[in-house]
Amino acid sequence: MIVMDMKINNFFALNNFHLNMSYPKKIVGSYVKDEYLKDRPNFRYKKVNILMGANATGKTSIGKMLMQIFNFMDKKQFDTLTKVITDKSKEASFTIDFVGDEFILYRVHTVIKPPEERKYLSSDICVRVKSVKINARDSYETCVHRLEEISEPGGESYLEELEKVDGLSWVFQYPMDSRESNQVYAARDSGKYTHVLENILKTLDSSIIKVDMSEEVENTYIIRYPHQSVIIQDGKVSGSNVLSSGTKAGIELAGFLTAIIEDAYGFYYCDEKFSYIHSDVEKAILSLMIQRLNDNDQLFFTTHNMDILDLPLPKHSFTFLKKDIHDIEQPIKCISASAFLKRSTDSVKNAVENDLFAASPSIDLLYELAEV
């Protein structure tokens, strides 16, 4: 599953929000391998998407909105969508272009009308699904042109329309303090997962001797220290006071990384899982995630870590989010590094340090406290 474009209005803090994941021309010698659809070299997409920005600029909201959209298309239940509408007296909408299975580009356009009564009804949900086959020579742009030429009406109900969608596959990871429950990956190859888990946890805590898989209890792992052990069962830790915050985050990251290695999904969203982890470790794990991405995979990764800018990624991999509370029509905007930095010698890190994208947080109010 590959997300190519999304437009969101009146959900979370996202109004008239637009994010595009195509790019104009192939990058020669790119660190990210095969940034195009397999067997469709002209169909280019951003395989790695690093989202950066100040606090409260929408990094987590983008992921949560995508998860709500995916669940809506998969389970065909609209309750989770209507819960995150910002102003229920106004119309809310989203449009998403994505590649599913069998070389098909889908466009799902959804409009949710304000409820006439207290709660939303199925009659308030209007969905239109269009799709086109991605031919061998097609680019995203040529497919979009054909999508826009489709004029026949959709089905009478949103349920009927969503039956047209196929090829959904995703996994999300959120910060530990998020209200969203993280998806615990049950590795098909338990030996591989154990190996990944042990290497990550021993990197984060050098006092860990070994990580074993329990032979008696299913989906249970044992973290062995010199004088005690900690049990992980179904992703939950007993005796968690023994583990540091970074080590706890490492448990979920191990499942996330194993999912990428085993090609379990296709779409991966990792949201600020490294708040308690050293910068060098974050860079190493992100590099490994990118290296192990498979054909037609896509990774979204949010971070505040400036050292990530040192990675030799294409400039189009970096998107900076900016919040302008004075712009009611579009409070959160996306700024692509590649729109500003055109030369191969241009440095993304230098641009950020000099606030070229005007996305740095304002700290004037903090300095005012010096006078209190």
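## Pockets

On a 1 Å grid over the protein atoms alone, a pocket is an open set of points where a 1.4 Å probe fits, with protein on both sides within 12 Å along at least five of seven lines. Lining residues have an atom within 4 Å of a point. Grid points are joined across faces, edges and corners, and a volume is the space filled by probe spheres set on the points. Before we look inside, note that this is a predicted model, where local features need pLDDT of at least 70 and side-chain atom pairs count only at pLDDT 80 or more, while totals for chains, interfaces and linings use all residues. Numbering starts from 1 along each chain as its sequence is written, and side-chain values use heavy atoms, with hydrogens and water left out.

The largest pocket holds about 510 Å³ of space. Its lining has 22 residues, and I27, K315, H316, S338 and L341 are the closest to its centre. By class, that lining has nine nonpolar, seven polar and six charged residues; here Ala, Val, Leu, Ile, Met, Phe, Trp, Tyr, Cys and Pro count as nonpolar, Asp, Glu, Lys and Arg as charged, and the others, Gly among them, as polar.

## The second largest pocket

About 370 Å³ of space lies in the second largest pocket. Here 17 residues form the lining, with A54, K323, S360, P361 and S362 nearest the centre. Two or more lining residues come from each of β16 (318-323) and α10 (364-368), and α10 gives the most, three residues. These elements are DSSP runs numbered from the N terminus: helices are H or I with at least four residues, strands are E with at least two. The lining of this pocket divides into eight nonpolar, five polar and four charged residues.

## Strand β12 and its partners

Now to β12 (residues 229-233), which has antiparallel partners in β11 (residues 220-224), through five bridges, and in β13 (residues 236-238), through three bridges. Strands pair if DSSP finds at least two bridges between them. β11 and β12 form a hairpin with four residues between them, and I223 has V230 of β12 as its bridge partner.

The hairpin of β12 and β13 has two residues between its strands, and D234 in the turn has a positive phi of about 55°. Across from I231 stands S238 in β13. On β12, V230 and I232 make up the covered face, whereas S229, I231 and Q233 make up the uncovered one.

## Nonpolar cores

Which residues touch the most other members of the largest nonpolar core? Among its 53 residues, they are I50, L197, I223, M289, F318, F320 and F357. Helix α6 (residues 245-261) supplies the largest share of this core, nine residues. Such a core is a set of buried Ala, Val, Leu, Ile, Met, Phe, Trp, Tyr and Cys residues joined through side-chain atoms within 4.5 Å.

Beyond its neighbours within four places in sequence, I223 is in contact (heavy atoms within 4.5 Å) with residues including L201, V230, I232, L243 and I251. Another core, of 44 residues, lies apart from the largest one and has M1, F17, W170 and I332 among its members.

## Two positive phi angles

Most residues other than glycine have a negative phi. E272, though not a glycine, has a positive phi of about 45°. E272 sits in the loop between β14 (267-271) and α7 (279-292).

A358, likewise not a glycine, has a positive phi of about 50° and lies in the loop between α9 (348-353) and α10. Buried or partly exposed? E272 is buried, with a relative accessible area of 19%, and A358 is partly exposed at 36%; buried means under 20%, exposed over 50%, and partly exposed in between, with a 1.4 Å probe and protein chains only.
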